[in-house]
Amino acid sequence: MSTARRPFVPTPSSPDLRRWAAVFALLMFATYPLVMADRLYLDDIWRSMHGQLGWTSNARPLADGVMIALNMGTRVVDLAPLPLWLGLAVIAVLLVVLRQVFATFSTGHAWWAMALLALQPFFLQNLSYRFDALPMALALSTSGLALAAGVLRPGLPGLALAALSLMASLCFYQAAVSVYFVLLAFHVLLSLATHGTPRWRLHLGLLIVGAATVLIYKGLSSLWLAGGYSLTHSQMVAPGSLPGHLLAQTLDFWRYAAHVLNGAPW
């Protein structure tokens, strides 16, 4: 009897559809304060005044594309909370698929992966952007689905799909690429804890695909980047200075955490 995993097909009788509805409801509850605050956040102010896109100049052409489709034109308007809700619906799909990926180890690990991915302060801050919420949610989702594609569909087809999904993530919002590598590291650690060894062929293949996709995107991004802000943030750390850079970033993180925890108890 075949033991192949069945794909995620949301039909009315599917258990996955019920899981999707439960996860979507949880995400709606977690982001309810953002909707009730009803405030423009940073870049939202400029976009609400000018109605312009501008993501392509940040090397995020798919962000422009999805917002053009949602607004039915290049003049964007404030549709909140619709972009947020659409983004949460896509993230819920990702989390249900990730459950299939990590449930092979244990259901508990699957739910931990899902909760830590979506319900964490940095991403909730990203969802505070009324205009950027949907592209950022799509970036998170395509980055996570890249890992899922490689794991659930082993072989060249899965790796090719992972590369395409990861490229889409980079073209929505570059920082979301870290989700792919974090989930890959999590999968490696669980493989070590469960089986005593990583799945060398799978994990090395996914690592190579991730690194190659980032490098290809780096070359393509020069076609879109414009403006001092975008050019500054597109610079990559020289390989020779990478260890010192990582150490400095780690120390800065813990200094920030200590500063935050040094305040009033609330």
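Predicted model: local features only at pLDDT ≥ 70, side-chain atom pairs only at ≥ 80, totals over all residues.
Residues are numbered from 1 along each chain as its sequence is written, and side-chain values use heavy atoms, with hydrogens and water left out.

Back to Trp254, then, and to its ring. There are five aromatic pairs in the structure. One of them joins Phe253 and Trp254: the ring centres lie 4.9 Å apart and the planes stand at 75 degrees, so this pair is edge-to-face. The rule here takes rings of Phe, Tyr and Trp (for Trp, the six-membered ring) with centres within 6.5 Å; planes under 30 degrees apart count as stacked, over 60 as edge-to-face, and the rest as tilted.

Now let's zoom out to the fold. The protein chain has 13 helices and zero strands. Helices here are DSSP runs of H or I with at least four residues, strands are runs of E with at least two, and the numbering goes from the N terminus. The protein chain has 266 residues, and 38% of them count as buried. What share of the contacts with a separation of 6 or more comes from residues 24 or more positions apart? That share is 71% in the protein chain, where contact means heavy atoms within 4.5 Å. As for surface, the protein chain exposes about 15,100 Å², and carbon and sulfur atoms supply 71% of that area. Accessible areas come from the Shrake-Rupley method with a 1.4 Å probe, and for residues only the protein chains shown count as cover.

On to charges. Side chains of opposite charge can pair when their charged atoms come close. Our rule for a salt bridge asks for a side-chain nitrogen of Lys or Arg within 4 Å of a carboxyl oxygen of Asp or Glu, and the count comes to six salt bridges.

Please find Arg19 and Asp16 in helix 1, residues 15–30; these two are three residues apart, about one turn of the helix. They form a salt bridge with the closest N and O atoms 2.9 Å apart. Is Asp16 buried or exposed? Asp16 is buried, at 2% relative accessibility, whereas Arg19 is partly exposed at 25%.

The next pair reaches further along the sequence. Arg47 and Asp132 meet through their side chains in a salt bridge, 3.8 Å from N to O. Arg47 sits in helix 3 (residues 43–50) and Asp132 in the loop between helix 7 (121–126) and helix 8 (133–152), so the pair ties together parts that are 85 residues apart in sequence. Arg47 is buried at 5% relative accessibility, and Asp132 is buried at 2%.

Then we have Asp78 and Arg130, whose side chains meet in a salt bridge at 2.9 Å, N to O. Asp78 is in the loop between helix 4 (61–71) and helix 5 (82–102), Arg130 in the loop between helix 7 and helix 8, so this pair ties together parts that are 52 residues apart in sequence. Asp78 is partly exposed at 34%, while Arg130 is buried at 15%. A network of salt bridges links Asp38, Asp78 and Arg130.

Helix 5 also holds Leu88, which is buried at 1% relative accessibility. Which residues does Leu88 contact, leaving aside its neighbours within four places in sequence? They are Phe24, Leu27, Met28, Thr31 and Leu127. Leu127 is 39 residues from Leu88 along the chain, and their C-alpha atoms are separated by 9.4 Å.

Last stop, helix 11. Trp200 lies in this helix and is exposed at 55% relative accessibility. Together with Leu204, Leu207 and Ile208, Trp200 makes a nonpolar surface patch of about 450 Å². Patch residues have over 30% relative accessible area and no salt bridge; like charges are joined within 9 Å, and nonpolar side chains (Val, Leu, Ile, Met, Phe, Trp, Tyr) within 5 Å.

Notes:
Buried < 20%, exposed > 50% of the residue type's maximum accessible area, 1.4 Å probe, protein only.
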